[in-house]
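Let's take a walk through this structure together, one piece at a time. Have the sequence and the 3D view ready.

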Amino acid sequence: MKKLLLATAAMALGATTAMAEVKVGMITTLSGGGAGLGIDVRDGFLLALKQSGRDDVELIIEDDQRKPDVAVQLSDKMIQSERVDVMTGIIWSNLAMAVVPSATAQGVFYLSPNAGPSQLAGAGCSPLYFNVAWQNDNLHEAAGAYANEAGYKSSFILAPNYPAGKDALTGYKRTFGGDLAGELYTELGQTDYAAEIAQIRASGADSVFFFLPGGMGISFLKQYADSGVGLPVVGPAFSFDQGILQAVGEAAVGVVNTSQWSKDIDNPTNAAFVESFEAEYGRLPSLYASQGFDTANLLFSALDKAAPSDKAAFQAALEAADFDSTRGAFRFGPNHHPIQTIYAREVIREGDVYTNRIIGTALEDHADAYASECKM
Amino acid sequence: MSLILIIEQVLNGLQSGVMLFLMAAGLTLIFGVMGLINLAHGSLYMIGAFAAAAVAGFTGSFALALVGALAAAAAAGAIIEITVIRRLYASDHLDQVLATFALILIFSEGTRWVFGSFPLFLEIPPYLAGPVTLPGGIAYPKYRLALIVAGLAVGALLWFLIERTRMGIRIRAGENDREMIAALGVDISRLYTLVFALGAALAGLAGALVGAIQSVQVGMGEPVLILAFVVIVIGGIGSLKGAFLGALLVGLTDTLGGIFLPELFKLFTDPATAQSAGASLASMSIYILMSLVLIWRPTGLFGAPA
Amino acid sequence: MIRERHLNIGLLAGLLAVALWAMLADQPFTITLATRAVILALAAAGLNIALGIGGLVSLGHAAFFGLGGYVMGVLAYHAQTYTPLELGPFSIAGTKSMPLIWLAAICVSGLAALVIGLLSLRTSGVYFIMITLAFGQMFYYFAISWSAYGGEDGLSIYVRNGFPGLNTLVPIQFFGICYVILCLVLYLHARLARSPFGLALNAARQAPVRVLTVGLDPTRLKLVAFVLSGAITGLAGALFADLYRFVSPTMFSWQMSGELIVLIILGGVARLCGPVVGAVVFVMLEHLLGGLTDFWHVWLGVILLLIVLFARGGLIGMVSGRAVAHD
């Protein structure tokens, strides 16, 4: 276990107060195929911790290997043995569904830096659960809104055949006003999309929406660009984040994607974040890094007002969301999910690095579709 | 569904089958000659792709990248054969499964250690980029056509090597009776290292070729490994001819199943259910194919009877 | 050198002692780890009947492990949502009672093992390894797209299922349940190995033709062993799901099947307590190495490799220094 004791000042002075005041448990994916996302969330969080100079937070970081049973075991350990006050870090919805309900039932606060499954936003919401990133459907809804704005009449839509994939297509259809030229579910982890691309070519669509996170998106974009189909593509930011754009290369340039964050959002917090992240880690931050950074700062803002042991006061302090977000204005809806602006970005090339640039607003002050089902 | 679309899908199936053949050929050779189950074959595929991406990033040349992939995978293959695999020939399949499972762990996380957690970039060379129009007005990516041609060429080369050269005679003799050829003065351990390196090089080549249109990332080898096993089991383990036919069969089933099963289901249920159910069945289709073949012929299409 | 029987008794007693110590020292997480080891040992002990005695290398036992898990998940899900489970003409109420769930898990996975075994036992050797793998993959892909029960997200059960007279939420009590089941299964295995059936099965592995000539059907012997094996692994799956109050398709993954084999080889093939040693060592490695480095899989791989190359007969073989005991 890697304990990051940031009570360094106290220890150097002879450790009069050896125990840190607040224990934070971070379970995230640090090994295996999806490690890039977890590493970004962790690094964003650590950067905020370092910049805050706090010595009252003890952070325990563990690797879930993207396996639900490992995540549950680590969460049992953090709650039963380490007795953490606050948990965070999980990247994937299925792991969040395995961990969050039992963690909040045991009285631990959970701040999600990424996953936002609909169950936790609706009927399964909890006073102790806060999502700092988005509800899963949000970026897809924004993609549908952007497609309307761009004047697309007929979309071909595809996503992997698993719950988040079905949510993605549902989210897009919720806002998109045009027709569907085709709707496809691909295999999870699929690497060859020749068959799907052939169907897109034959469908007569005027645009393509896809949600294929991680390596699936890289493969699809490379093959799509090479196929010469050439229809405009729109998708959520997950396939265009800083970590994987370099692997897609020229094939991604010009593609529009939707995100609640971009490195060129114009506010001082964001500018300082981008600069210091690059200085610290030698790479540009991704949206996951920004989410980790915001999660940490939200937590610190609440710690300044109340202790996690005082549940009601700490909950109120979190709800106030009184911190400087990299996204500019940030507030929570009644179900503890963000109400935020989602941008349309375009992939560009800056020198020899591929990155994103904001080209417009897809949805202003957008709340999720499940808030009304949440009874707290 | 138009005829053009069907032809295009058949080409896609062929292309994926031909690449699978490169993987399966090495696997089946290694099993046929040495009697070894190599779960780490997918790691060699990954090494090929990573080496190609590294060389291409450094030199900018796709041809050099392929050479790099062949060299790196063959070298990795030779090294593990000499240090680990060699000790396993006399063991039962269980030990082989465990040892090569351990090699997967080492290679996967080792690669992440060296190259980091983010996918690498490997690009189609400019002279093969974009689509080409085939007779009948079918627009098809040049690169995928090139893959079909390259795969068939390597297959022909392999056939020539095994059937028409001195080394091929030794390999075939090794399959039949290893004591006999050792008695005839062939250095059997060198032959085994060579065969293993050859199989590894084929896997590395497949990784590099496919890496240009897919994501070069840790763990890319395992799904292909399972498919390659399905291929050689369908074809009959140890049979190159079987691996070739099995690869085409699996490639076509996988590609066409994903297209036609949902269409078929639409005749019975509403489109959304049909799409989802069809996609589910399609993802199981090659495994269903494999169990049907094995139930019909317990040692595969061209396997020697048990 | 230590006799294997003494080693086995010491091992099981040690495992119990660790859990009791953890309870007294108020270390509930250690109990959770010990429970994980016991359940994995149980799953591998199931496989050990097919693999150890019968020589059937199944790379598809995750199918039974996952089925057991999903039986628990589905029944408990219907109980916690108060909806009946519709099976064509039948409508079954869900349940949160462990004994009922276990019974269902054993029946369902045993039935699946019967069907898979009937088809797979037509093949042998590598073909058998691969056809069992194929069946495992079919279940995996089916579970991923089975959206009624969460698909790839899996199913969460909020409260652990109950056992009459016990509070299963107390870690040591749940550990006790799993531990007793493991001991019963090991006892069954020991009796089985020495019974006429076990001896015939052993002979069917080594010399099928001879078995045939004395009028026994080797395929039928193997099928019985396979069904028994699948049913036990299925029971372990139900307990595993209860430990984490969660089921997901990863229980069906081929890596899971691979891990079960790893546990057996680590401890020693066909050794009664091989799966127990394997599971304890594996859980410890996972826990300790995972704490030392992000790249702990590399070291796990190196350790496994060293065991295959230099400790033939697994860890038990290394300590007791004898060939597999058939006394």
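This is a predicted model: local features need pLDDT of at least 70, side-chain atom pairs count only at pLDDT 80 or more; totals for chains, interfaces and linings use all residues.

Chain A holds 13 helices and 14 strands. Its radius of gyration is 21 Å, close to the 21 Å that the globule rule gives for 376 residues, so chain A is as compact as a globular protein of that length. Along the principal axes, the C-alpha atoms of chain A fill a box of roughly 70 × 45 × 35 Å.

Chain A also has a neighbour to talk about, chain B. Between them, 31 residues of chain A are in contact with 39 residues of chain B. Several elements of chain A give two or more residues to that side: α2 (35–52), β8 (179–186), α8 (194–203), α9 (215–227) and α10 (242–248). Which of them gives the most? That would be α9(A), with 7 residues. By class, the side of chain A that touches chain B divides into 10 nonpolar, 16 polar and 5 charged residues.

Helix α8(A) packs with helix α1 of chain B, residues 3–34, at an angle of about 165 degrees, and their axes are 9 Å apart. That angle is over 145 degrees, which makes α8(A) roughly antiparallel to α1(B). The crossing of α8(A) with α1(B) is right-handed. Which residues meet there? From α8(A) come A:A194, A:A195, A:A198 and A:A202, and from α1(B) come B:L5, B:E8, B:Q9, B:N12 and B:Q15. Counted by class, this contact has 5 nonpolar, 3 polar and 1 charged residues.

Let's stay with chain B for another helix pair. Helices α10 (residues 240–266) and α11 (residues 271–296) of chain B have axes that come within 7 Å and cross at roughly 150 degrees. Again, that makes α10(B) roughly antiparallel to α11(B). Their crossing is right-handed. The residues making the contact include B:V250, B:G257, B:G258 and B:L261 of α10(B), along with B:A274, B:G278, B:L281 and B:A282 of α11(B). In classes, the contact divides into 13 nonpolar, 6 polar and 2 charged residues.

That leaves chain C. Here you'll find 13 helices and 4 strands. A compact globule with 327 residues would have a radius of gyration near 20 Å, and chain C agrees with that at 20 Å. The box filled by the C-alpha atoms of chain C is roughly 55 × 50 × 40 Å along the principal axes.

Chain C touches chain B as well: 34 residues of chain C are in contact with 37 residues of chain B. On the chain C side, the elements giving two or more residues are α5 (125–144), α10 (254–267) and α12 (296–310). The largest share belongs to α5(C), with 12 residues. This side of chain C divides into 25 nonpolar, 8 polar and 1 charged residues.

Last stop, a helix pair inside chain C. Helix α7 (residues 196–206) packs with helix α9 (residues 218–244) of chain C at about 115 degrees, with axes 9 Å apart. The crossing of α7(C) and α9(C) is left-handed. At this contact, C:A200, C:L201 and C:A204 of α7(C) meet C:P218, C:L221, C:K222 and C:A225 of α9(C). By class, that gives 6 nonpolar, no polar and 1 charged residues.

Conventions
Residues are numbered from 1 along each chain as its sequence is written. Chains are lettered from A and ligands numbered from 1 in the order in which they are written. Two residues are in contact if their C-beta atoms, placed from the backbone, lie within 7 Å. Ala, Val, Leu, Ile, Met, Phe, Trp, Tyr, Cys and Pro count as nonpolar, Asp, Glu, Lys and Arg as charged, and the others, Gly among them, as polar. Axes are lines fitted to C-alpha atoms, for helices over the stretch in contact, and angles run from 0 to 180 degrees between N-to-C directions. Angles under 35 degrees count as roughly parallel, over 145 as roughly antiparallel, 65 to 115 as roughly perpendicular and the rest as oblique. A crossing is left-handed if the near helix is turned anticlockwise from the far one by less than a right angle, and right-handed if clockwise. The radius of gyration is taken over C-alpha atoms; the globule rule is 2.2 Å times the number of residues to the power 0.38.
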